[in-house]
Amino acid sequence: MPKTILGKWSVGLHVIFLIAVIVSVFLVKVLDILNFDDHWWDVTSAIAFPTSIIAFIIGVIAKRKYQDSSTSVLLSILLGVAVILFIIFHSLFITD
């Protein structure tokens, strides 16, 4: 568990991000209620992805400034890097 307030915020924001993405994929792929082409996905991603980037920044601050070296903060930083790389590479290959 994180030792600092910033570490707890970083992990908490990434938990919210993961829940939003998992519920969205579940609603589309399993229950077939929604579709990724609808506007709800634009709103969900416009909220979820910045949340992950903010969690990444907070996690890096917790790690560097306050030496919070808990595993959950490190995983939060890695997830933030993965999200940033996804945004960069996904935008390079969009074919709309």
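The model is predicted: local features need pLDDT of at least 70, side-chain atom pairs count only at pLDDT 80 or more, and totals for chains, interfaces and linings use all residues. Residues are numbered from 1 along each chain as its sequence is written, and side-chain values use heavy atoms, without hydrogens and water.

**Exercise 1.** State how many helices and strands the protein chain has.

Solution. Count DSSP runs: helices are H or I with at least four residues, strands are E with at least two. The protein chain has 3 helices and 0 strands. Along the sequence the pattern reads α-α-α.

**Exercise 2.** Find what share of contacts in the protein chain joins residues at least 24 apart.

Solution. A contact means heavy atoms within 4.5 Å. Take the contacts between residues at least 6 apart in sequence. Of these, 70% join residues at least 24 apart.

**Exercise 3.** Classify Phe36 and Trp40 by accessibility.

Solution. Apply the cut-offs: buried is under 20% relative accessible area, exposed over 50%, partly exposed in between (1.4 Å probe, protein chains only). Phe36 has 27%, so Phe36 is partly exposed. Trp40 has 18%, so Trp40 is buried.

**Exercise 4.** Describe how the ring of Phe36 pairs with Trp40 and with Trp41.

Solution. Rings of Phe, Tyr and Trp (its six-membered ring) pair if their centres lie within 6.5 Å; planes under 30 degrees apart are stacked, over 60 edge-to-face, the rest tilted. The structure holds 5 aromatic pairs. Phe36 and Trp40 have centres 6.3 Å apart and planes at 25 degrees, so this pair is stacked. Phe36 and Trp41 lie 5.1 Å centre to centre with 75 degrees between the planes, an edge-to-face pair.
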